[in-house]
Structures are given as C-alpha cells and as structure tokens.
2 protein chains.
Amino acid sequence: MLVLSSPSGAGKTTISRKLLEQEADLHMSVSVTTRPMRKGEVEGRDYYFVSRAQFDAMVDADELLEHATVFENSYGTPAAPVEATLNAGEDVLFDVDWQGAQQMRTRRRSDIASVFILPPSTEELARRLTTRGTDTPEVVAKRMAKAADEISHYGEYDYVVVNDDVDRCLAEVRAILHAERVRADRLPGLADFVGGLTEVYRAP
Amino acid sequence: MLVLSSPSGAGKTTISRKLLEQEADLHMSVSVTTRPMRKGEVEGRDYYFVSRAQFDAMVDADELLEHATVFENSYGTPAAPVEATLNAGEDVLFDVDWQGAQQMRTRRRSDIASVFILPPSTEELARRLTTRGTDTPEVVAKRMAKAADEISHYGEYDYVVVNDDVDRCLAEVRAILHAERVRADRLPGLADFVGGLTEVYRAP
C-alpha cells in the first residue's frame, strides 16, 4: 500500500498519473464520496458516488480503511477492492490527506509505505498557486488553510520527496515502491527458500 | 551507508561492481586487512594491507567501524574515510559479512540500510558452487560452512534481494539506495524548507 499525500501545488496528481502509467502492478484506489459528480468524471474511475446514507452505512459496517469530511463532503477508501488487489500480489496507490494516512497506519501499519510530496521552492509554489485561475477568493483561502495544515504533518511520513523536477520526483517514488517490495519483512515464503539454499551449502 | 552481505555464490561481487559504476555518489569502503597481498591486488583499491600490530592498534584506538577474523586473517572497516565521504553528502558501500553488519548497526543504526543478497535457486546455487574450480576440498568445505552460517542471518537485514537476474537485482539495490536517500528521517534542513513553504500557504 503506497500512500501519497501533499499540500496543494506540489504536483501530486501528475506524479500519481505517471506512476500508474509506468507501474503495471500498481493500481489506484478509487474512493467513495458523497460529493456530486462533476462534469467529465466517471463513476468507478474518479470516484464511486454514493449517497450520505450509503456512506454512513459503510462507515458503520467498518468497510472503509479511512474516511474524512472535507468542505462538507465525505470521502472514504473502501477496504474490499484493496484486499483483493493485495491478495493477488499487486500493490495499491492511495491519494489521501494526512488524516487518511493516519487512519490507514492505525489499521495496517506494516503494509504501508507513505510518501509526502513537497513543492520545489517558495517561489515556484507561489507561482503555481497564483496561476490556477478560476476559483473564488473564499475557495482559494480554504484550500490554502488546508494546505498549511497538510504540510505541517510531513514528518509523519516514511519518505519525503521534493517535486523540483517531475521525472526526478517520479523516479524517487518508483524507487520507494521497488525498495519497499524487497523489504525483508514483506517477503512471504523466504524462510522456506533460504532453508533449501542452506541444504546446498551443507551438502554441496 | 549501504551494507551488502551475502553467502558464497550469490553474485555480490558483480552487483557491487556494477552498482559503483552506475552510482557516481556511492563509494566503496576499502577495508584494512592483515592478509598478505595477492597477485593483482592493489594497495588502497582492494585493501589497505597492514601488519597485525597496526591492525591491533586501530582496534584499540576504536578506529574501525567493524572488524572480524576469518580463517586466521583479520579485516576491518576504517571509520575516518567513511566519515569524510558522509560529511561530503555522498554515500558509502560496504561489503561485509553478518558479523560486520551487526557491529556497524550497533555503532550507527540510523545511517545504515542493509541488504542481503540471495542466490536464485538451489539448482543454480549448486551449479555456481561446483564450477568454481581451483580450491582444495578443505577450502571449499570451510567456505560452505561460512556460507551456511552467513545465510542464517538474512533476517537481520532491512532488505533481501534474490539475484536471479543481475540487471533486475542491480535495479532493486539501486532502488533501495535511492529510496533510503529520501527517507524522512534522513533529510537535513527539511524543517526550515517546510517552514518557508508554509508561509506561502498562509499568505499566498
């Protein structure tokens, strides 16, 4: 389970998209949300769109790995598809905020590698934030307050990457994924394999 | 500090050589040894060749990160060049056995990523071990006993890679190096950087 978080303006969406393109065994977790579907969004690709009652029922049945309410809308990560992917020996990518990451760590700590993506510099961040355009000042102010809150939690993550260059940042996230896959505590069946090798050393 | 260990026949020497070729910021730690120089070996490249008295003096002065005696010869890792490389912001590769890795972990746990390299299969291992050729049966028996001892410690390492394909194994070790470089607890100056970014979010 690869968890990516970042404050606004760090370029996480681009990194996630490219990562999924290049890593065939990595699959995006699709969240459920109570937010209305926007133009261009596709059910099951961008989100599973559910009613408030459906969402609350999933929370009550403990069917979500994490959930949160942001700006009046609720979002959550359904556990069942994640389990299915992990059981098939493949990995899942999560785009969640610090609260989601915290809840997921509480539930399955050993399966998670978490990465916090930072924008490259104060100058570049200011440039990215001011060229976004169409939102109202109130929406921008809310997003900035959330970003300032988000970034204060960077220290809770296993890895921190600075997105000063998309290709370099992407390579770092891919390296994290590949390294985490060969962590000694993640390799099932290793004891049997080593036992077989040991026999060869004992009777070459 | 990237520590590689493996039992005989796993292909560690090839992996180390290729790793150093491809990673400009990674430098091999050169050990000191009391063993006589062999034909083709170069002082300061393969080892620093020292007398028993010189070696013992380094141990007494606590100048070695780890040291061990194998088949009557002593080997050790001098601390000073390692410190110089780390202080220059670059990394050091160590080719040590499980005892060396254990001693190094005791001394500077947070700076170390340790990787254990396994041979690909019992069949391939048997093939590699029988085609080595020139050693006497006694030397082979000693090496096998050491390998069986070595492999029993694989679980003490952070990562385990199986060398079933040199390029794939090399890519995994490189991923480990790159991932470890962006671990949150390894990035100096991050708090100041995040502080600057936070100001931008607070006053965009």
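**View 1**
Two copies of a chain are related by a rotation about an axis and a shift along it.

**View 2. The contact between chain A and chain B.**
In this predicted model, 37 residues of chain A are in contact with 37 residues of chain B. Five elements of chain A each supply at least two residues of the side that touches chain B: α5 (122-130), α6 (137-151), β9 (159-162), α7 (166-181) and α8 (190-202). The element that gives the most is α8(A), with 8 residues. By residue class, the side of chain A that touches chain B divides into 27 nonpolar, 6 polar and 4 charged residues. The copies meet through the same surface, because 100% of the interface residues of chain A are also interface residues in chain B.

**View 3. Leu187(A) in the loop between α7 and α8 of chain A.**
Leu187(A) lies in the loop that runs between α7 and α8 of chain A. With residues up to four places away in sequence not counted, Leu187(A) touches Val182(A) and Val160(B). Met58(A) is 129 residues apart from Leu187(A) along the chain, and the C-alpha atoms of the two are separated by 32 Å.

Five strands of chain B form an open sheet in the order β2-β7-β1-β8-β9, with parallel pairing. At its edges are β2 (26-28) and β9 (159-162) of chain B, each of which pairs on one side only. On average, neighbouring strands of this sheet are turned by 25° against each other, direction ignored. Helix α1 (residues 12-22) of chain B packs on the sheet and touches β1 (2-5), β2, β7 (91-95) and β8 of chain B. The direction of α1(B) makes about 165° with that of β7(B).

Strand β8 (residues 113-118) of chain B pairs with β9(B) in the parallel sense, over 4 bridges. Which residue of β9(B) stands opposite Val115(B)? That residue is Tyr159(B). Leaving aside neighbours within four places in sequence, Val115(B) is in contact with Leu2(B), Val3(B), Leu4(B), Tyr157(B), Tyr159(B), Val161(B), Val173(B) and Ile176(B). The largest nonpolar core has 80 residues, and Val115(A) and Val115(B) are those with the most contacts inside it.

An open sheet of 4 strands in chain B has the order β4-β3-β6-β5, and its pairing is mixed. The edges are taken by β4 (48-49) and β5 of chain B; each has a single partner strand, so one side of each is left without a neighbour in the sheet. Helix α4 (residues 98-107) of chain B packs on this sheet, where it touches β5 and β6 of chain B. Its direction makes about 160° with that of β5(B).

**View 4. Strand β6(B) and its two antiparallel partners.**
Strand β3 (residues 32-33) and strand β6 (residues 73-78) of chain B run antiparallel and are joined by 2 bridges. Val32(B) has Gly76(B) as its bridge partner in β6(B), while Thr33(B) stands opposite Tyr75(B). Strand β5 (residues 64-70) of chain B also runs antiparallel to β6(B), with 6 bridges between them. Thr69(B) has Ser74(B) as its bridge partner in β6(B). β5(B) and β6(B) form a hairpin with 2 residues between them, and Phe71(B) in the turn has a positive phi of about 50°.

**View 5. Arg181(B) in helix α7(B).**
Arg181(B) belongs to helix α7 (residues 166-181) of chain B. Arg181(B) is partly exposed, with 17 other C-beta atoms within 10 Å. The C-alpha atoms of Arg181(B) and Gly44(B) are separated by 27 Å, the two residues being 137 residues apart along the chain.

Definitions and conventions: Residues are numbered from 1 along each chain as its sequence is written. Chains are lettered from A and ligands numbered from 1 in the order in which they are written. This is a predicted model: local features need pLDDT of at least 70, side-chain atom pairs count only at pLDDT 80 or more; totals for chains, interfaces and linings use all residues. Two residues are in contact if their C-beta atoms, placed from the backbone, lie within 7 Å. Ala, Val, Leu, Ile, Met, Phe, Trp, Tyr, Cys and Pro count as nonpolar, Asp, Glu, Lys and Arg as charged, and the others, Gly among them, as polar. A nonpolar core is a set of buried Ala, Val, Leu, Ile, Met, Phe, Trp, Tyr and Cys residues joined through C-beta atoms within 7 Å. A residue is buried if 20 or more other C-beta atoms lie within 10 Å of its own, exposed if 12 or fewer, and partly exposed in between; C-beta atoms are placed from the backbone. Two strands pair if DSSP finds at least two bridges between them. Axes are lines fitted to C-alpha atoms, for helices over the stretch in contact, and angles run from 0 to 180 degrees between N-to-C directions.
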